[in-house]
Amino acid sequence: MISFIKGFSRVNVLFLFSAVVIGIFVFFIFPVFAGTLSCVVTSTCASSSGSVIVLQMASTTNSHSEVPNGTSNYTNLVCCSGVPGLSNSCSGYNATTVLYLSNTTNAHVEENTTTHYYSNQACLSFAAPGSGGNISVGYQTASCTTGFDTALISLASTTNSHAAVSSTYPLQVCAKTTLPNYYPVVSAVSISPNPITLTGYPTTPVSVNAAITDYNGCTDITGGTTTIMLYREGVTSSSCLTGSGNGVSTNLNCYTASAFTASSSCVNSSINTTTTFGVYYFAQATDASSSYPSDTWNGTVIFKGLGNATGSADSNVSTSLQTVLAMTITTSSLNYGSIAAGYNTTSTNQTTGVNNAGNCTTTIQVAGQTLLASSGVSLAVSSQRWNTSAFIFPGASTALTASSSPVTLVVLTAPTSTASSSYTQTTYWGLQVSSGTPMATYNGSNVFSTVWHS
Amino acid sequence: MKKVIYFFFLGLGIFAMSAAHTNVAQAFGISPPFLNAVHLVPGATYVQTVYILAQDQSLNADLPVQTTLNIPEPARSWISIDKGFNFVIPKGTQQFPIEITVQVPKDASLGIYQGNLSITTAPSATGQVTIALGANIAINLSVGNDIYEKYSVPLITFPDIKEGEDPQVYVKFQNDGNVPESFDSATYELLDQYGGTRLAYTQKNGGFPVTKPFSMNAYTIEFPLDFYLGIGQYWGVVTFYKSGQVVASQKTIFNVLKATFADKAIRFVEIYWVFFAVVVVLLIVVGLYFIRRRKKLNA
């Protein structure tokens with residue numbers, strides 16, 4: 001062995017090593033799915049590895065035969081494999097009759113010709129629908145290597161014949177398959193969480209999950225294209241897809257994506273997927289108290305395999321999106337500065353903006369406390385006044401009320417986009433300090449509350 | 001030049017979008033903003049989770065929260081919060097769930113009870129007049145003596161199983177009605193890996209877990225089949241029925257994985273546990289017999 005290696009130059013060894021590595025890489029990374037049909041006569045036929053029984057024979061020669069799903073104890077099984085989705089159903093896709101049998105068991109066989117005498121069939125087909133593909137069967141005296149993939153058995157004559165393993169009798173039964181472009185199957189589409197609660201600002205992650213199966217293999221899945229949609233039911237998937245009709249509006253009631261994340265490895269031509277959308281705080285609610293109580297949120301996954309065959313599915317469990325009542329505020333304090341006793345803020349207003357950050361119309365209420373100095377003296381709650389436009393104290397402003405009796409500041413309609421100007425209200429504030437008020441620093445707190453506007 | 005114009009407008013767009021959110025000093029909200037329990041009966045327990053949403057760019061401390069229940073007695077004493085009426089949202093928490101429970105006494109008077117739960121945060125900033133934020137949860141309770149049935153199945157999945165095991169279906173059952181609910185029956189169809197050939201079929205006519213009123217229950221149902229599931233991929237079709245109507249169904253693919261020796265041993269014991277129990281009891285009886293016999297002989 002050592003001398004054998006010594007006989008190679010270093011370049012040759014490197015070349016050989018590279019070839020082996022590339023070979024292993026190609027073997028494991030690029031599995032071959034468009035396999036070649038191969039049939040043998042054997043005692044066991046492993047259906048778990050995709051093999052199917054086409055015919056059962058009593059013996060390997062001069063034999064009577066039985067249909068593949070027959071119940072006798074024939075131990076010689078004509079077992080075919082090597083092609084994904086192969087089936088022995090006579091009603092499957094591209095179904096082709098291999099032989100006709102005189103009975104379901106203990107039968108003579110004949111070729112599949114237009115004028116056949118027997119009615120029991122032994123077939124080959126593809127188990128799943130697709131486009132294209134073909135299964136051809138031929139009977140010839142020449143070897144099946146001429147024009148076909150494999151030999152199944154051999155016949156003594158074209159009809160009323162006993163059967164034997166191939167090459168025993170002069171007439172070879174041959175078959176050849178061309179793999180179809182299977183339609184991908186999308187299943188188990190679901191939305192999580194369910195129900196959807198928009199807990200984030202400005203967005204909350206919501207996932208659409210699905211299983212995608214393509215019998216042409218995992219390369220068809222990884223090389224395919226997809227469209228994933230999350231939308232309010234009333235909008236419909238077609239409007240969400242095209243972006244027009246049924247009141248569709250991106251981010252308000254329709255989200256689309258063109259890529260998924262694999263949540264499992266691709267096993268046996270099937271993969272679990274998830275797609276996470278950032279759903280905005282204003283996405284339309286569908287709970288019982290919302291504007292769309294009879295709607296749900298749906299997920300739809302459309303998948304196009306590498307061969308351009310398409311499959312799709314919708315979520316089939318209802319998913320509600322909860323109403324969220326929320327606001328944002330632009331300042332966290334009001335600072336009036338120094339005001340002498342007996343004076344007010346005149347035309348110098350303090351401002352703060354309040355914004356509807358939920359998906360429903362909200363009433364913003366305001367209330368406050370007395371402003372206290374460390375010595376214990378105070379300014380009355382009504383010393384502060386507010387208005388929804390700039391004012392010269394007191395002007396048309398409203399006196400602040402105590403926390404026990406908040407008043408409505410403004411009603412903000414439900415937002416439909418992030419362009420928040422229509423859902424925002426700026427409030428203007430002023431302060432009056434009565435004559436005789438001791439000089440001190442006064443502090444207090446105003447409360448802005450958001451109340452559901454049913 | 002085209003690229004320059006493109007990036008100019010792209011930058012302008014990003015700036016405009018971010019500008020809409022840059023002025024947020026505090027955000028506060030709740031979801032859902034109502035507690036509508038309108039099909040209560042005396043003795044019922046209703047639990048609802050409400051998320052408090054808090055976001056404060058300057059917040060680097062815990063956020064104290066005060067709640068005030070504004071609903072007249074007797075309903076006032078029926079309502080409790082798992083966190084108490086005053087609690088603290090830990091620093092950095094943006095979504096804080098609270099569970100509000102309505103426990104209706106068995107002798108409660110039938111009627112409608114309305115009010116609200118006011119939630120107020122402590123101001124997080126300092127200044128002359130600080131701004132605190134709050135939200136109100138509207139409460140609508142209706143106690144009657146009618147039977148109200150409403151349920152849904154928000155999730156059905158098919159877990160992968162080990163070879164030799166029976167197929168399983170994981171279900172979430174949401175009962176929004178005021179009486180206990182469960183499925184009446186279910187059918188399960190096992191198909192080959194291509195979904196074209198039926199391998200087995202079974203029907204289950206009882207033994208489904210019961211879901212209490214106003215609650216959700218999650219469980220796994222096993223469908224015993226007279227079919228050995230070897231390693232591979234299969235399609236399952238499950239349909240659940242109640243009162244003769246289809247409540248939910250699902251068709252999807254699942255995997256049967258290789259069972260380890262431990263899996264097989266556990267499975268074996270699960271199937272033949274009665275045999276093992278009998279053997280253990282017999283061994284104990286025989287052991288006791290010999291101990292007593294030896295004692296007699298010694299005596």
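**View 1. The largest nonpolar core, seen around A:Val54 and A:Val78.** This core has 169 residues, and A:Val54 and A:Val78 are the two that touch the most other members. (A nonpolar core is a set of buried Ala, Val, Leu, Ile, Met, Phe, Trp, Tyr and Cys residues joined through C-beta atoms within 7 Å; buried takes 20 or more other C-beta atoms within 10 Å of a residue's own, exposed 12 or fewer, partly exposed anything in between, with C-beta atoms placed from the backbone.) The biggest giver is strand E9 of chain B (residues 129–143), with nine residues in this core. Strands here are DSSP runs of at least two residues and helices (H or I) runs of at least four, numbered from the N terminus. This is a predicted model, in which local features need pLDDT of at least 70 and side-chain atom pairs 80 or more, while totals for chains, interfaces and linings use all residues. Residues are numbered from 1 along each chain as its sequence is written, with chains lettered from A and ligands numbered from 1 in written order.

**View 2. Who sits around A:Val78?** Leaving out residues up to four places away in sequence, A:Val78 touches A:Cys39, A:Val41, A:Ile53, A:Val54, A:Leu55, A:Met57, A:Leu152 and A:Ile153.

**View 3. Strand E11 of chain A and its two partners.** E11(A) covers residues 150–155 and is mostly covered, with six of its six residues buried. On E13(A) (residues 171–178), E11(A) finds an antiparallel partner joined by five bridges. Look for A:Ser154 facing A:Gln172 of E13(A). E12(A) (residues 163–164) is also antiparallel to E11(A), this time through two bridges. There, A:Leu155 stands opposite A:Ala163. (Strands count as paired once DSSP finds at least two bridges between them.)

**View 4. A:Ser157, in the loop between E11 and E12 of chain A.** Is A:Ser157 buried or partly exposed? A:Ser157 is partly exposed, because 14 other C-beta atoms lie within 10 Å. For a sense of distance, A:Gln384 is 227 residues from A:Ser157 in sequence and 109 Å away in space, C-alpha to C-alpha.

**View 5. A four-stranded open sheet in chain A.** Reading across, the order is E15-E16-E20-E19, with antiparallel pairing. E15 and E19 (261–262) of chain A are the edges: each has a single partner strand, so one side of each is left without a neighbour in the sheet. Further in, eleven bridges hold E16(A) and E20(A) (residues 270–280) together in the antiparallel sense. One pair to pick out is A:Ala210 with A:Thr273 of E20(A).

**View 6. Where chain A meets chain B.** On this interface, 65 residues of chain A are in contact with 60 of chain B. Chain A's side takes at least two residues from each of E15 (185–192), E16 (203–213), E23 (325–329), E24 (333–334), E25 (350–356) and E33 (442–452). The largest share is eleven residues, from E33(A). By type, the side of chain A that touches chain B has 27 nonpolar residues, 37 polar and one charged. (Nonpolar is Ala, Val, Leu, Ile, Met, Phe, Trp, Tyr, Cys and Pro; charged is Asp, Glu, Lys and Arg; the others, Gly among them, are polar.) Strand pairing crosses between the chains too: five bridges join E23(A) to E1(B) (residues 26–31), running antiparallel. Within that pairing, A:Met327 has B:Phe28 as its bridge partner.

**View 7. A three-stranded open sheet in chain B.** The order here is E10-E12-E15, again with antiparallel pairing. E10 (151–157) and E15 (215–222) of chain B are the edge strands, each pairing on one side only. Five bridges tie E10(B) to E12(B) (residues 168–175). B:Ile156 stands across from B:Val171 of E12(B).

**View 8. Domains in the two chains.** Chain A splits into domain 1 (38–180), domain 2 (185–314) and domain 3 (327–452). (Domain bounds come from an automatic or database domain assignment.) Taken over C-alpha atoms, the centres of domains 1 and 3 of chain A are 87 Å apart. In chain B the pieces are domain 1 (22–143), domain 2 (151–259) and domain 3 (263–299). Here the C-alpha centres of domains 1 and 3 lie 59 Å apart. Chain B comes to three helices and 17 strands, and 29% of its 299 residues count as buried.

Methods:
Contact = placed C-beta atoms within 7 Å.
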